[in-house]
Amino acid sequence: MFCIVYGKQLASIKSRQKKIAQEHLDLLDDFNFVRFDATNVTIQDILKEASYLPLGYDKKVIIVDNAYFLIKPKPRQKIESEQDYRALSKYIKTLNRYTLIIFSFEGSSFDKDGTIGKQLLAEPDTKVYEIKDPTKEEFELYVKRYFREKLKTDIDLDAIKELIKRISGDLISFQNNAAKLALYTNHVTYEDVCLLVSRPLEENAFQIFNFLLMKKNNQALALYRDLRTMGVEPVTLISMLANQFRLLDEIAYLSKNGLSPKIISEELNINQIRVEIMKKNIYTLSESTIHKTLQELYNLDLNIKSGLVDRFYAFELFLINFKVY
């Protein structure tokens, strides 16, 4: 018997796994409930465990987290060369009704057309659970109820909206930050959220990018120093900034060839509003400046990783010396 659980919310995936296991077993313990990580354990070892009868029980549940071989496209993993998918295909056909295997992964692209995916779906007992992200309205209602019913804390509507924005829809991040806010006050306000909940790293990197384009180097530097106190590494920000400049270069090229923001957003698989915002920056930077900056970021990343420069000092110098022309 098989179940497939996937989605973008790890907390919801874990919750669904537990519910399925409890429905299949009267009691969960180390003898009838086993968890594996598919990126660390081979399929052969998982199937070997599945073949053992549970001691003292007539049913067994095996959870396989990070079942990357069911994701489309399949991500690269070091363990891939050791996997025996033929053994899994053979096991799927055995119809073992005593052992339930739950394959789970974070993502929204289940490879239904792949060999393993097709075989699993062909079995009548296989159940698929896609954990979909809640809508904006559903998430706001969930946050309000979570604070009121679980944390016994009031929260203002503008605080709810800002909290959702800052945790980027991640339930685990929400639960951690909600607990922190509830310990701080019994009535959460917008100001409390701004004080205690950090902005997403991508948003901060985008803000540094905007500061640089607006010639506000000092503000870019100040924001970076705030991020440094939170343990954010320069190489992480270098990669994110490079992505922003690379995206700007792509949008500039496509715009120059007459493509509309709507077509560009479809071509690059990004939000149209983001394309329109980035398009405004095309006239701020010349093409040569964009290419020069990308080369500087590449060299900076290489020098830091090679140990030729101090990573903090070198990145600060880049922010200070950046010029728009």
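Axes here are lines fitted to C-alpha atoms, for helices over the stretch in contact, and angles run from 0 to 180 degrees between N-to-C directions. Helices (H or I, at least four residues) and strands (E, at least two) are DSSP runs, numbered from the N terminus. Hello everyone, and two sentences on the background before we look around. This is a predicted model, where local features need pLDDT of at least 70 and side-chain atom pairs count only at pLDDT 80 or more, while totals for chains, interfaces and linings use all residues. Residues are numbered from 1 along each chain as its sequence is written, and side-chain values use heavy atoms, with hydrogens and water left out.

Let's start with a helix pair. Helix α9, residues 201–213, and helix α11, residues 234–256, have axes that come within 9 Å and cross at roughly 60 degrees. On our scale, angles under 35 degrees count as roughly parallel, over 145 as roughly antiparallel, 65 to 115 as roughly perpendicular and the rest as oblique. So α9 and α11 are oblique to each other. Their crossing is right-handed; for handedness, a crossing is left-handed if the near helix is turned anticlockwise from the far one by less than a right angle, and right-handed if clockwise.

Who touches whom there? Contact means heavy atoms within 4.5 Å. From α9 we have Leu-201, Glu-202, Ala-205, Phe-206, Ile-208, Phe-209 and Leu-213, and they meet Thr-236, Leu-237, Met-240, Leu-241, Gln-244, Phe-245 and Leu-248 of α11. The residues of this contact between α9 and α11 divide into eleven nonpolar, two polar and one charged. In that count, Ala, Val, Leu, Ile, Met, Phe, Trp, Tyr, Cys and Pro are nonpolar, Asp, Glu, Lys and Arg are charged, and the others, Gly among them, are polar.

Now move to helix α10, residues 217–229, which packs with helix α15, residues 311–321, at an angle of about 155 degrees, their axes 9 Å apart. That angle is why α10 and α15 are roughly antiparallel to each other. Here too, α10 passes α15 in a right-handed crossing. On the α10 side, the contact is made by Asn-217, Ala-220, Leu-221, Tyr-224, Arg-225 and Arg-228, and on the α15 side by Phe-312, Phe-315, Glu-316, Leu-319 and Ile-320. The contact of α10 with α15 divides into seven nonpolar residues, one polar and three charged.

One more pair: helix α2, residues 43–51, and α3, residues 85–92, pack at about 30 degrees with their axes 9 Å apart. This makes α2 roughly parallel to α3. The crossing of α2 and α3 is left-handed. Ile-43, Leu-47 and Ala-50 of α2 meet Tyr-85, Ala-87, Leu-88 and Tyr-91 of α3, and the residues of this α2–α3 contact are seven nonpolar, no polar and no charged.

On to the sheet. What is the strand order? The open sheet of five strands reads β2-β3-β4-β1-β5, with parallel pairing; two strands pair if DSSP finds at least two bridges between them. At the edges sit β2 (33–37) and β5 (127–131), each pairing on one side only. Neighbouring strands of this sheet are turned by 15 degrees against each other on average, direction ignored. Strand β1, residues 2–7, pairs with strand β4, residues 99–106, in the parallel sense over six bridges. Within β4, Phe-105 is the bridge partner of Tyr-6. Lying across β1, β2, β3 (60–65), β4 and β5 is helix α1, residues 10–24, which runs at about 175 degrees to β4.

Next, a few backbone details for anyone with the viewer open. The loop between β3 and α3 holds Pro-73, and the peptide bond from Lys-72 to Pro-73 is cis, with omega near -5 degrees. Asn-66 is also found in the loop between β3 and α3, and has a positive phi of about 55 degrees although it is not a glycine. Lys-215, in the loop between α9 and α10, has phi near 65 degrees, again a positive value in a residue other than glycine.

Are these two buried or exposed? Buried means under 20% relative accessible area, exposed over 50%, and partly exposed in between (1.4 Å probe, protein chains only). Asn-66, at 33% relative accessibility, counts as partly exposed, and Lys-215, at 61%, counts as exposed.

Last stop: Asn-177 in helix α7, residues 171–184, counts as buried at 12% relative accessibility. Not counting residues up to four places away in sequence, Asn-177 touches Leu-163, Ile-167, Leu-196 and Val-197.
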